[in-house]
Each structure stands twice: as structure tokens, then as C-alpha cells.
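Reader: Got a model open here. Can you walk me through what holds it together?
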Amino acid sequence: MPISKRRPAARAARVATVTAILMAIPALAAVPAWAIVGGTEAPAGGAVMVLSSKGGVCTGVVLAPDTVLTAGHCLAGAKEHRVHFRDAAGAPVLVDVTARAVHPGYDAGAAASRRRSVDLALLRTETPLPPRFAPVTLSAAPARAGETLTLSGYGAAKPGDPRSTGTYRSLGLPVIEPYGPSRILVWLKGAGGGACQGDSGGPIAGPDGAVLALSAWIGGACGGLTQGVLVGPQRGWIDRVLDGWNRTGRWAQ
């Protein structure tokens, strides 16, 4: 739904908050590229950062020039969000969000109470993103136990180190089924690492590069069990929202 307009003073305060987040990001060039936790630096492709006025940092994938899919909890607790990327010269750019939609199956208290939650949300930006952020291809293919998927995101390189956030990294991890197979979730875990703060909403892709799921939850410490929400079972909702915005997603055949 559209974000309501704020008073100039309140809006200025929120801009100051987001600017403060960005002040730490230039230092990232000095951070070793080994992380997601455990990954290596990778081209961002169709992935951007999603920042909230309350200081939250997430990852998101581009579905159309002005549309981003991310995790639902990334929108919780804050009224304003912005999409962040760096321009060709390396300068930070913030793009306002004019509309958002959280999946009706999202449950903010799901993790604590072990309830099911479809942790997805869509954002529409005020202006189109640069052409280099090409829309990703989504996939409804099932995630099978034992197969290796690629986890990516802008999250921290190690727990408790927010200054290591902002470099896009990827890591191949095997699918496991700690609670049995799921129709809406996928779990990844391997000795190499896993997701950390800031990776929520980041893509989990198959061997063909199509996005099967988005990161949503970390079990225990960063680099451990990573849970993602499969996008295939939510295709109806994704397509309905995009259609309402006169946009179309790209799905693998």
C-alpha cells in the first residue's frame, strides 16, 4: 500500500537516520571479502539493499526496474524504507519507496511461537533503478535435499560487525531437511558458513541462476542454519501484486 507522506521535519529526521547508516558503508572497502559468513564477493546483478528509517538493513532482488522483492520482516517497525545502491562512481544512492505490500501470510511472531510465516514483501520505488540491476528470474522448482543452492546477500561478514555490511557476497550450501520437507520453506546448512544480519531478503538460487527462495531467518549464530521462503508457492500473490502495479515478473519455464 502507498506510504503516507510525512511532515518535512519528521521526514528530515528519518533521512538523517538512513544517512547515518550509510556513513559506515564506505569503510567496507577495507573489509576482507570472505563472508556472507563464509562466502566470496560476487557481482550484485539484480540485488540491492533495503534500508529502513529505524536503522534496519536487508537485501532485496529486483523484479522490475522499479520493483523489489524482499523479506516481510524487513518492513516491520518502520514507516519509511529506501532502496540503496552505489552509482558508477561508487557514491551511495537512496531511492524512495512509494508503495509496499507485505504477504498476508506473514506473521511477525512466528519464530518465537514456531508458527508458519510467509516472510515476503514487495516494494515499488519512486524512480526506476539503473539498467545494470537487471530483473532476476524466479523459479518454482522444488528444493531437493542434498542439492547445492547459492545463498547471496549484503549482510555482515561476521556476527556483531555491522560495519562489514554492504558488500555483496555468495556461498554455495546444501539443502537439508531438519524438520522434514516443506512446501513453503527451504533450509541450508554446511561447514562453509551461512547468512547473517543484513542478508534477509537475499536470493537463494539454483544451478541455473534462477531464484528459488529468499533468506528469512537464521537458526542460532550467523553462519549456521539458514532458512529461506520458497517463491514458487507464492507465485499467485507475487503476480497479483505486480499486476496491480502494472508490472510483470520473470519466471523460469
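Reader: Arg 247 first. Is Arg 247 buried, exposed or partly exposed?
Author: Partly exposed, at 23% relative accessibility. Buried means under 20% relative accessible area, exposed over 50%, and partly exposed in between, with a 1.4 Å probe and protein chains only. This is a predicted model, where local features need pLDDT of at least 70, side-chain atom pairs count only at pLDDT 80 or more, and totals for chains, interfaces and linings use all residues. Residues are numbered from 1 along each chain as its sequence is written, and side-chain values use heavy atoms, with hydrogens and water left out.

Reader: Fine. Which side chain does Arg 247 meet in a salt bridge?
Author: Asp 66, at 2.8 Å, N to O. The two sit in loops: Asp 66 between E3 and E4, Arg 247 between helix H3 (235-244) and strand E15 (250-251), so the pair ties together parts that are 181 residues apart in sequence. Helices (H or I, at least four residues) and strands (E, at least two) are DSSP runs, numbered from the N terminus.

Reader: What's the cut-off for a salt bridge?
Author: A side-chain nitrogen of Lys or Arg within 4 Å of a carboxyl oxygen of Asp or Glu.

Reader: Asp 66: buried or exposed?
Author: Buried, with a relative accessible area of 8%. Arg 124 is partly exposed at 24%.

Reader: How many salt bridges does the structure hold?
Author: 5. Another one of them joins Glu 80 and Arg 82, with the closest N and O atoms 3.6 Å apart. Glu 80 is buried, at 4% relative accessible area. Arg 82 is buried too, at 5%.

Reader: Switching to covalent links. How many disulfides?
Author: 2. The criterion is a pair of cysteine sulfur atoms within 2.5 Å. One joins Cys 58 to Cys 74, S to S 2.0 Å. Cys 58 lies in strand E3 and Cys 74 in the loop between E4 and strand E5 (81-86), so the pair ties together parts that are 16 residues apart in sequence.

Reader: Why is the disulfide of Cys 58 and Cys 74 left-handed?
Author: Because the torsion about its S-S bond is about -90 degrees. Cys 58 is buried, with a relative accessible area of 7%. Cys 74 is buried as well, at 8%.

Reader: And Cys 196, which cysteine is it joined to?
Author: Cys 222, with S to S at 2.2 Å. That link is right-handed, with 70 degrees about the S-S bond. Cys 196 lies in the loop between strand E11 (185-188) and strand E12 (203-205), and Cys 222 in the loop between E13 and strand E14 (225-230), so the pair ties together parts that are 26 residues apart in sequence.

Reader: Are Cys 196 and Cys 222 buried or exposed?
Author: Both are buried. Number the bonded cysteines in sequence order and the pairing reads 1-2, 3-4.

Reader: Next, packing. How many residues has the largest nonpolar core?
Author: 25. A nonpolar core is a set of buried Ala, Val, Leu, Ile, Met, Phe, Trp, Tyr and Cys residues joined through side-chain atoms within 4.5 Å. Leu 63, Leu 69, Leu 122, Leu 138, Trp 237 and Ile 238 have the most contacts inside this core.

Reader: Which elements each supply at least two residues of this core?
Author: E3, strand E6 (92-102), E11, E13, E14 and H3. The largest share comes from H3, with 4 residues.

Reader: Last topic, voids. How many cavities of 30 Å³ or more does a search of the whole structure find?
Author: 1. On a 1 Å grid over the protein atoms alone, a cavity is a set of points where a 1.4 Å probe fits but cannot get out, and lining residues have an atom within 4 Å of a point. The volume is the space filled by probe spheres set on the points, which are joined across faces, edges and corners.

Reader: What lines the largest cavity?
Author: Ala 195, Asp 199, Ser 200, Ser 215, Ala 216, Trp 217, Ile 218 and Thr 226. Strand E13 (residues 211-219) gives the most to that lining, with 4 residues.

How values were computed: 1 Å grid on protein atoms, 1.4 Å probe; cavity = no way out; pocket = protein on both sides within 12 Å on 5 of 7 lines; lining within 4 Å.
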